Amino acid sequence: MRPRQLGEFVGQRHLLGPGKPLSASIEAGQLHSLILWGPPGTGKTTRAAHGRPTLLFLDEVHRFNKAQQDTFLPYLEDGTLTFIGATTENPSFEVISALLSRARVYVLRPLSPEDLLTLLHGALIDAERGLGREHLEAEPGALDLLARAADGDARRALNMLELAASLAEAAGTRQLTLAVAQEVASGTHRRFDKGGDQFYDQISALHKAVRGSDPDGALYWLCRMLDGGCDPLYIARRVARMAVEDIGLADPRAFALTLEAWEAYERMGTPEGELAIATAVVFLACAPKSNAVYVAMSEAMADVEEFGTLDVPLRLRNAPTRLMKNLGYGRGYRYAHDEPEAFAAGERYLPDQLPDRRYYRPVPRGLEIKIGEALARLRTRAPTKG
């Protein structure tokens, strides 16, 4: 079912529509080096098949290592080759910068259900291809069902149609029924590339929905990842990270709940354990938000890197031996429990060479409201510095 000419190409109107850069360069006979980036079944290989005799087409170019990609550069420079690469992976990470700078990247989009429906209708009536399906008729809604189940992938749509046609013929009928279409479409999964761009895009969307206090969006992306075959234990680990990064001390129950959900999945598996993870996700989305600890740790780590190995003040060091005591270890230390409210007002616990710092700044939400009030009350008893 590959198109015999450009006019038969289905989808990608943002690249091949009238006046678009790629279609204009083809029509003018000035095809340039390019990289086609898109999910499976969107026409990368089909598009490249309409090249010129001096065209070099590399399917799955991300599988070529950096040294192999380097070998093409001289021939692109002297015009010997017009290079077309096709990939499902992000070229930013998988294609060397020298090759990227010499080729324009075109992003192919998943085909719409309408595009796939056009493709399926064409496959039924195209007798010239020798498929023997020109007399196959489809019940209303059958092709629509296959188009939706294909999830933007033309190859998947045609494979399902081929299987449905075979089942119909095996049953002695020339009609593609809705029941047969449902049988063929059952068990299909939405696009999800484990470890690829879609993987990281979807976990990013889940995290941002939780951070944005949207339980519905969070549940949707959780289910998308589970539907695509993502390891629930990976999600459980990332959800625990969300609890400490975005809820923190505003509601300390959040982290405990995510650990319990993680353990629940390890004990119960699918589907019971997945519901525990979903419960944790909804709780996180609805909980008060604070990244105060996350920000505080980042700032403290920056000081560690900037100031290097600062000595621990002698008063803060333990003195388990006589020599260490004679050297001043622990001298002048104020035991907080012996002070009013168990707080040594005015004591300083940072290195002497480090300027005063306030890394942890509680937000006015959740439990951190109380934490902030308690810290403020204690600090009013300490002399101000700097």
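Colleague: Where is Glu 60 found?
Modeller: Glu 60 sits in the loop between strand 2 (55-58) and helix 4 (66-70). Helices (H or I, at least four residues) and strands (E, at least two) are DSSP runs, numbered from the N terminus. This is a predicted model, where local features need pLDDT of at least 70, side-chain atom pairs count only at pLDDT 80 or more, and totals for chains, interfaces and linings use all residues. Residues are numbered from 1 along each chain as its sequence is written, and side-chain values use heavy atoms, with hydrogens and water left out.

Colleague: And what is phi of Glu 60 near?
Modeller: Most residues other than glycine have a negative phi, and most peptide bonds are trans. Glu 60 has a positive phi, near 50°.

Colleague: Which residues does a cis peptide bond join?
Modeller: Thr 270 and Pro 271, with omega about 0°. Pro 271 belongs to the loop between helix 15 (253-268) and helix 16.

Colleague: How do I read helix 13 against helix 16?
Modeller: Two packed helices are described by the angle between their axes and the distance between the axes. Here the axes of helix 13 (residues 215-227) and helix 16 (residues 272-286) come within 9 Å and cross at roughly 150°. Axes are lines fitted to C-alpha atoms, for helices over the stretch in contact, and angles run from 0 to 180 degrees between N-to-C directions. So helix 13 is roughly antiparallel to helix 16 (angles under 35 degrees count as roughly parallel, over 145 as roughly antiparallel, 65 to 115 as roughly perpendicular and the rest as oblique).
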